[in-house]
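Let's walk through this model together, strand by strand and pair by pair. Keep the viewer open as you read.

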Amino acid sequence: MRYEVKLKLSYRYNAPSDHARTLLRVLPSDIAGMQTVTSRLLSFDPPPDERHDSRDFFGNTMTSAVWHAPIAEIGVTLNAKIDRGLAEPGLDLSSPREELAQEIAQFRSLAPNAPHHFLAASRRAAPTKEMTEFAQAQLQPGQTARGAIEAVGRALHREMRFDAGATDVNTPAAEAFANRHGVCQDFSHIMISCLRGVGIPAGYVSGFLRTYPPPGQPRLEGADAMHAWVRAWAGAETGWVEFDPTNNQYAGEDYITVGYGRDYDDVPPLRGAMRGAGGQQSAQAVDVIPLD
């Protein structure tokens, strides 16, 4: 599938800010066998006094922007075109779950995609007794690693309720799990915590998702937002698989990846610092437009 992605971010300050600095991770990149970015443009209004593009440890594209003069508003616009070729996984040939620990121990690499980075607790995705017990209840004797990943993801989808007003970006995964509600970030952090609790390396994926309007109704422009799902390691032969517990499905051709990390802290769309007074208002609008 070919897509055009449009993202608009705006930040308005009650008083002009001085020396604003932002770090963005919103530019999609090529991923071998999954997606090809044919064009991408990230622009700012007003233009920054300094801009630098680089890559972080996990290979995600980072854009640093700095404004030296006082500004009252910052606008960010992304326009990109992507070919997404990844389909849902086929026949399950992943390792037996019981052999996963041995395969991890034999994995002789600390490259960014090595499972070792995604097994220990991180700040936003730390296993708890309750989440580990929940994950263990989904496991079966003789189960494959991919079968275990899918079982935990589907169980969370049944157990959790999507509620956009129930949590915010700082809500701990343990709290969202205890209340059984949240948004895609919460679903993802909970699933990552559950999988790590039973010895399955798992990480966070940030990106965009093509959505579908109700039958007979036009698609609303700018109504979407960035999305999050889970990436888990199913053994040396199969490698990484991606599952979306919010929507109870593998991440296939409707998904566009922006970044990988251990949790949200590694791939926030925007993080910054400013010097000023008063509060701020922000807005986000996303369009994922199929071109085929």
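This is a predicted model: local features need pLDDT of at least 70, side-chain atom pairs count only at pLDDT 80 or more; totals for chains, interfaces and linings use all residues.

Start at Gly 207, which sits opposite Thr 257 of strand S12. Residues are numbered from 1 along each chain as its sequence is written, and side-chain values use heavy atoms, with hydrogens and water left out.

Those residue pairs belong to the contact between S8 and S12 (residues 255-261), which run antiparallel and are joined by six bridges. Helices (H or I, at least four residues) and strands (E, at least two) are DSSP runs numbered from the N terminus, and two strands pair if DSSP finds at least two bridges between them. S8 also pairs with S9, antiparallel as well, over six bridges; there, Ala 202 has Ala 232 of S9 as its bridge partner. Zoom out and you get an open sheet of five strands, ordered S11-S10-S9-S8-S12 with antiparallel pairing. Its edge strands are S11 (249-250) and S12, each pairing on one side only.

How enclosed is S8 by the rest of the structure? Eight of its eight residues are buried, so S8 is largely enclosed. Buried here means under 20% relative accessible area, exposed means over 50%, and partly exposed is in between (1.4 Å probe, protein chains only).

The largest share, six residues, comes from S1. The volume of this pocket is about 1000 Å³. Of its 39 lining residues, Val 169, Met 226, Tyr 264, Pro 269 and Gln 284 are the closest to the centre. For the method: on a 1 Å grid over the protein atoms alone, a pocket is an open set of points where a 1.4 Å probe fits, with protein on both sides within 12 Å along at least five of seven lines, and lining residues have an atom within 4 Å of a point. Grid points are joined across faces, edges and corners, and the volume is the space filled by probe spheres set on them. The lining divides into 23 nonpolar, 12 polar and four charged residues; Ala, Val, Leu, Ile, Met, Phe, Trp, Tyr, Cys and Pro count as nonpolar, Asp, Glu, Lys and Arg as charged, and the others, Gly among them, as polar.

Now for the charges. The structure holds 14 salt bridges, each a side-chain nitrogen of Lys or Arg within 4 Å of a carboxyl oxygen of Asp or Glu. One of them joins Asp 56 and Arg 25 at 3.1 Å, N to O. This pair links distant parts of the chain, 31 residues apart: Asp 56 lies in the loop between S3 (50-55) and S4 (61-67), and Arg 25 in the loop between S1 and S2 (35-45). Asp 56 counts as buried at 14% relative accessibility, and Arg 25 is buried too, at 11%.

Another salt bridge pairs Asp 266 with Arg 262, their closest N and O atoms 2.8 Å apart. Here Asp 266 is buried at 13%, whereas Arg 262 is partly exposed at 36%. Elsewhere, salt bridges with shared partners join Arg 123, Arg 124, Asp 265 and Arg 271 into one network.
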